[in-house]
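Hi everyone, thanks for coming.

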Amino acid sequence: MFGLRKTLGSLFKSNQLDDAWFDHLEESLIQSDVGLPTTEQLMAKLRKAAKSEKASSAEELQSLLIQEVASLLQSLETNPNPLFTSASSHIPEVWLVVGVNGAGKTTTIGKLCKLFQSQDKSVLLAAGDTFRAAARNQLQEWGGRNQVDVITQEGGDAAAVAHDAIHSAISRKNDILIIDTAGRLATQDHLMEELKKVKRVIGKALPGAPHHTLLVLDGNTGQNGLSQVKAFHAALGLTSIIVTKLDGTAKGGVICALAQTLKEGPKPAILALGKGEGIDDLAPFTAGQYSSELFN
Ligand SMILES: Nc1nc2c(ncn2[C@@H]2O[C@H](COP(=O)(O)OP(=O)(O)OP(=O)(O)O)[C@@H](O)[C@H]2O)c(=O)[nH]1
């Protein structure tokens with residue numbers, strides 16, 4: 001699945017664990033966005049294991065690396081995963097979806113819609129991107145594909161759409177309300193303030209909501225992705241992340257860097273991975289499986 005696999009495939013079959021071998025591995029980890037501190041930490045463990053002969057073949061080091069990364073990523077996994085459990089204590093359960101332009105928010109919402117419907121949940125969508133008519137249309141298309149209504153407003157502001165949508169979802173007794181928002185850079189202060197307002201308005205319309213504040217993150221954005229997560233988390237208190245575009249990328253390592261970055265305090269969990277543009281291309285995130293896919 002990931003580009004790393006191609007690079008490492010032959011490396012882990014090698015019989016010679018010399019300096020060149022370790023250098024090659026280190027380079028591959030950095031190139032895939034694992035990030036310098038995490039790479040250094042992993043390399044030190046592998047070198048130590050090789051020296052103490054706890055692992056004497058490339059294959060054993062591969063298993064060790066998979067284990068180490070899985071335990072690092074464990075902190076980003078959540079059980080039960082709210083996307084894949086049928087029970088919800090909130091009606092409607094409100095998902096606020098945020099992220100930079102083009103990260104894959106609307107596509108991911110389309111996928112979530114289908115997923116929730118497959119769990120017999122009724123879904124309502126809200127088009128919180130009031131800036132671009134094209135964005136509204138795109139959400140309406142996904143709504144149409146899933147036969148789900150979309151609350152929109154021409155003009156208006158995102159907070160007003162969210163407010164309307166909450167009341168509609170309550171009166172229609174929808175199980176799930178997903179609120180899309182316009183893409184923005186975390187450095188655009190006024191737009192981040194707007195998001196905070198949307199979140200406040202949602203909380204006033206339905207105390208306790210949004211129950212999930214979900215960042216959609218393009219898995220190819222490397223170190224920039226880390227800054228996005230930090231800034232959106234600082235502004236909104238993210239609960240969840242979905243990492244997209246992990247099909248055919250050489251950059252899947254960014255999730256390892258994320259685990260390292262979000263060490264302190266309450267942190268969002270990675271719920272799922274986007275693995276394509278199609279409506280079914282969404283896979284649950286589990287630390288063990290991700291790590292083994294990265295290095296196998
Ligand atoms: N390969 C691949 N492409 C994806 C994935 N998710 C989304 N895309 C593509 O990424 C592009 C942007 O997706 P959108 O869903 O429009 O992104 P957005 O975040 O809503 O964009 P804005 O409305 O501009 O903020 C589209 O071409 C999608 O098909 C994924 O998991 N894999």
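This is a predicted model: local features need pLDDT of at least 70, side-chain atom pairs count only at pLDDT 80 or more; totals for chains, interfaces and linings use all residues.

Okay, let's start with strand β4, which covers residues 176–181. Is this strand mostly covered or mostly open? It's mostly covered, with six of its six residues buried. Here's a handy bit of background: in a regular strand, side chains alternate between the two faces of the sheet. Now look at β4 with that in mind. On one side you've got Ile176, Ile178 and Asp180, and on the other Leu177, Ile179 and Thr181, and they're all buried. Both faces of β4 are covered, in other words.

And who does β4 pair with? One partner is strand β1, residues 93–98, which runs parallel to β4 over four bridges. Another is strand β2, residues 123–128, also in the parallel sense, this time over six bridges. If you click on Leu177 in β4, you'll find it's the bridge partner of Val94, and Leu124 stands opposite Leu177 too.

Gly183 has 20 other C-beta atoms within 10 Å, and 20 is enough to count, so it's buried. What does it touch, apart from its neighbours within four places in sequence? Gly99, Val100, Asn101, Gly102, Ala103 and Lys105. Asp18, on the other hand, is 165 residues from Gly183 along the chain, and their C-alpha atoms are separated by 47 Å.

Now for the helices. Helix α7 is residues 158–172 and helix α8 is residues 189–205; they pack at about 25°, with axes 9 Å apart. Anything under 35 degrees counts as roughly parallel, so that's what we call α7 and α8. The crossing of α7 past α8 is right-handed.

At the contact, α7 brings residues including Ala162 and Ile166, while α8 brings, among them, Val201 and Ile202. Sorted by class, that contact has eight nonpolar, two polar and two charged residues.

One last stop: Val198, in helix α8. It has 24 C-beta neighbours inside 10 Å, so it counts as buried. Beyond residues up to four places away in sequence, Val198 touches Ala158, Ala159 and Ala162, along with Leu96, Gly128 and Thr181.

Definitions and conventions. Residues are numbered from 1 along each chain as its sequence is written. Axes are lines fitted to C-alpha atoms, for helices over the stretch in contact, and angles run from 0 to 180 degrees between N-to-C directions. Helices (H or I, at least four residues) and strands (E, at least two) are DSSP runs, numbered from the N terminus. Angles under 35 degrees count as roughly parallel, over 145 as roughly antiparallel, 65 to 115 as roughly perpendicular and the rest as oblique. A crossing is left-handed if the near helix is turned anticlockwise from the far one by less than a right angle, and right-handed if clockwise. Two residues are in contact if their C-beta atoms, placed from the backbone, lie within 7 Å. Ala, Val, Leu, Ile, Met, Phe, Trp, Tyr, Cys and Pro count as nonpolar, Asp, Glu, Lys and Arg as charged, and the others, Gly among them, as polar. A residue is buried if 20 or more other C-beta atoms lie within 10 Å of its own, exposed if 12 or fewer, and partly exposed in between; C-beta atoms are placed from the backbone. Two strands pair if DSSP finds at least two bridges between them.
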